[in-house]
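Here is a friendly note to read with the structure open beside you. Take the points in order, and look up each residue as it comes up.

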Amino acid sequence: MIDNLFILPFTLGMITLFVILFIKYGLWISRLSKIDKLRIVQSLFSRRTLAAISESFMEGLIHRKMFRRHGLLGYMHMSLAFGWFLLIVFGHIEVFVQTGSFSTYPWIPIFFNYFNHDSFPGERIMANVMDFLLLFVLSGVLLAYFKRINSKVFGIKKTTKLKPGDRFAMASLWCIFPLRLFAESATAALYGNGGFLTNTVALCFQWVTPEVETGLWWAYSISLGIFFVCMPFSRYMHILTEILFIFLRHYGIKLKKQFNSYSRIQVYSCSRCGVCIDVCQMHIANISNNQSVYILKNMRDHDLTARKLYNCMLCGRCESACPVGINLNDLRISQRIKASKEYNSDYAFLQTLPCEPVVEDKKPEVIYFAGCMTHMTPGIKKSVVQVLEKAGVNYQFMDKEKGACCGRPLMLAGQYQAAQKLIEFNREKIIESGATTLLVSCPICYKVFRDDYELGQITIKHHSEYFLELVEQGKISLKKSDKSIVYHDPCELGRGCGVYIPPRTLLSKTGTVLSTEQEKVTSLCCSGSLGDLSLSMADRNIIKAETLKVLLKQNPDVLATACPLCKKTFVKGVDIQVKDIAEIIVDAME
Amino acid sequence: MRNFGFSTTKSRTIDYEKIDNRLIRYVLENEPTFNACLSCGSCTAICSAGNLTSFNIRRLSLQIRLGELEHAHEELDKCMLCGKCLLECPRGINTRNVIMLMKKGLYLIESESKEKNDR
């Protein structure tokens with residue numbers, strides 16, 4: 001039963017949307033790997049589903065993470081998402097109150113005021129509730145207009161540069177609720193069936209004729225229809241994809257190295273909110289076209305250039321700030337893997353490499369892997385060895401004379417198959433040694449050992465963690481000095497592996513650790529990163545200078561770090577002492 | 001030609017007009033900092049792969065500049081991309097990108113000539 005033709009744009013738009021979504025989701029889910037599908041089936045009726053529902057509610061509707069970032073920004077997102085959701089829910093309740101049944105045509109709750117002019121029990125309350133919700137959404141729309149004029153009020157320095165398609169979809173979204181207000185007010189002016197808001201606005205609509213009223217409802221319906229059709233092709237696809245993503249994440253599906261269906265779901269979950277733009281340090285060097293939001297857009301449209309793909313430090317600041325929780329670093333790496341898969345090396349020479357025989361009769365307890373970067377900073381290597389000797393640890397120095405790279409730099413460059421060769425080679429050596437602990441002094445190595453080596457029972461420790469253990473076991477004792485220390489979190493150790501506390505605890509035993517404005521999760525990158533292949537040295541120095549400004553604000557005596565690459569990068573830019581944790585420990589050892 | 005029992009070595013004269021500059025051109029287009037290389041050999045001195053094999057970035061870069069691509073593929077496959085050279089380079093050259101571009105450029109050249117042969 002079609003009462004009026006104006007419902008057609010809305011209805012057709014909604015049907016189009018559902019058909020496209022059905023096809024897209026069907027394809028995505030059917031292309032997941034068999035194991036991932038099994039994961040979904042197994043966890044469908046478990047607590048994980050409840051957790052996913054709760055997260056969908058908290059993030060998809062309430063936008064909790066946005067609130068944490070900035071109150072007003074959070075309110076804007078919440079009023080639009082949660083407000084609209086409530087409008088739909090209460091629209092149906094309103095129909096239920098009137099007819100006593102939920103079964104009705106889908107357009108009735110949307111255009112309720114147009115179709116129903118009679119009063120029914122509870123009508124006043126429902127009209128006022130609906131008006132309140134409309135006001136709630138409209139406040140968000142007004143804030144959204146304002147955000148485009150002045151985003152600084154929302155705690156955002158730079159907003160996303162939108163493409164015409166997105167602008168068109170956004171314009172239709174911006175029209176929906178004001179048009180609804182006008183349409184309902186016009187009806188209220190004619191039939192007096194509005195609530196506190198629409199009846200008030202109706203005072204200005206006393207002149208309307210039924211033709212104008214129907215025209216306004218047409219406009220409302222058309223804006224809804226346009227928005228629905230635009231949705232799958234614009235950034236608003238994120239609204240529904242994000243929920244799918246949250247569920248799949250809760251079901252234990254993880255991003256693979258190769259770009260697959262789950263990666264695509266993540267790409268489509270990006271709302272282009274632009275939170276990743278402000279946190280990106282590339283702006284300091286005037287590079288503003290390769291932030292994650294733009295890369296994901298390029299990935300979606302298949303027009304990512306090599307220049308953009310490789311010009312990123314992979315520091316992970318955007319990933320930890322992303323309110324949707326997209327694995328931005330690994331997504332980027334998966335694109336690099338795809339781009340460079342034709343020319344991977346097989347490192348045939350590793351087979352002919354003379355293996356150093358294990359001389360020690362008894363198995364070492366610890367195997368120490370210094371890595372390329374530690375060999376570049378002999379001070380760190382020497383200090384680690386000194387601490388191990390002092391503590392009387394039974395250790396073996398794996399790459400003392402000759403050693404292969406850990407594979408992480410290759411991984412960062414997307415040379416996945418090549419990295420696997422090095423991983424196989426090193427893994428065999430580590431397991432052969434019979435050690436129970438693998439000690440590393442470079443966070444870059446640490447990351448790949450933890451993520452990709454599958455070392456089984458062998459525990460992997462960064463030297464800051466291991467030395468703290470030695471101190472706690474009383475194997476080494478430290479003397480506290482009155483020096484003030486600022487600790488710089490290396491990207492791969494902090495955001496990469498979540499090690500924030502042990503280095504600080506250890507340092508606090510040797511001096512006073514000062515905290516800085518941006519530390520731990522929000523720590524800045526030193527700019528030396530191996531993640532970036534094409535960033536020029538001049539740009540690196542500009543970024544480094546800004547990082548140092550933050551770190552040295554309180555004039556510490558020592559700038560401490562736990563990464564040889566960070567140390568090497570900082571040393572060339574400051575007058576004060578830059579030391580690795582290992583070196584500080586050696587100085588403080590009694 | 002009559003065989004006199006001895007041979008002559010082929011001329012090693014390099015004609016700059018005729019050298020195969022496809023690879024070096026590709027690298028320089030995409031990583032202009034490589035222009036600044038003065039072949040000091042710092043990269044080669046600290047190279048991790050050079051410690052394990054005969055890999056020599058300095059020699060490789062000179063050869064590629066002269067268009068001698070014969071051993072380039074085999075040599076490039078020894079680099080582990082660890083980035084020590086990047087830290088050592090006094091000219092601030094993005095050495096890792098240079099290597100990646102050489103690999104890609106060589107792959108493009110090789111697949112191009114393969115296509116020609118197939119035809």
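The points below go from the whole of one chain to a few single residues.

1. Please keep in mind that this is a predicted model. Chain A has 590 residues, and 47% of them are buried. Its secondary structure amounts to 29 helices and eight strands. Along the principal axes, the C-alpha atoms of chain A occupy a box of roughly 95 × 50 × 45 Å. If you take the contacts in chain A with a separation of 6 or more, 75% of them link residues 24 or more positions apart.

2. Next, look at a pair of helices. Two packed helices are described by the angle between their axes and the distance between the axes. For helix 3 (residues 47-62) and helix 5 (residues 71-99) of chain A, the axes come within 7 Å and cross at roughly 120°. On the helix 3 side you will find A:G60, A:L61 and A:I62, which meet A:M78, A:A81, A:F82 and A:F85 in helix 5 of chain A. The residues of this contact comprise six nonpolar, one polar and no charged.

3. Now move to the strands. In which sense do strand 7 (residues 558-561) and strand 8 (residues 577-580) of chain A pair? They pair in the parallel sense, over four bridges. Within strand 8 of chain A, A:K579 stands opposite A:A560. Together with helix 28 (residues 564-571) of chain A, strands 7 and 8 of chain A make a right-handed β-α-β unit.

4. Finally, check two backbone angles. Most residues other than glycine have a negative phi. A:K520 is not a glycine, yet has a positive phi of about 55°. This lysine lies in the loop between strand 6 (512-514) and helix 27 (537-551) of chain A. B:L81 also is a residue other than glycine with a positive phi, near 65°, and is found in the loop between helix 5 (72-76) and helix 6 (84-88) of chain B.

5. Are these two residues buried or partly exposed? A:K520 has 16 other C-beta atoms within 10 Å, so it is partly exposed. B:L81 has 29 C-beta neighbours inside 10 Å and therefore counts as buried, the cut-off being 20 or more.

Conventions
Residues numbered from 1 in each chain as written. Chains lettered and ligands numbered in written order. Predicted model: local features only at pLDDT ≥ 70, side-chain atom pairs only at ≥ 80, totals over all residues. Helix = DSSP H or I, 4+ residues; strand = E, 2+ residues; numbered from the N terminus. Buried ≥ 20, exposed ≤ 12 C-beta atoms within 10 Å, placed from the backbone. Contact = placed C-beta atoms within 7 Å. Pairing = 2+ DSSP bridges. Right-handed = clockwise from strand over helix to strand, strands pointing away. Axes fitted to C-alpha atoms, helices over the stretch in contact; angles between N-to-C directions. Nonpolar A, V, L, I, M, F, W, Y, C, P; charged D, E, K, R; others polar.
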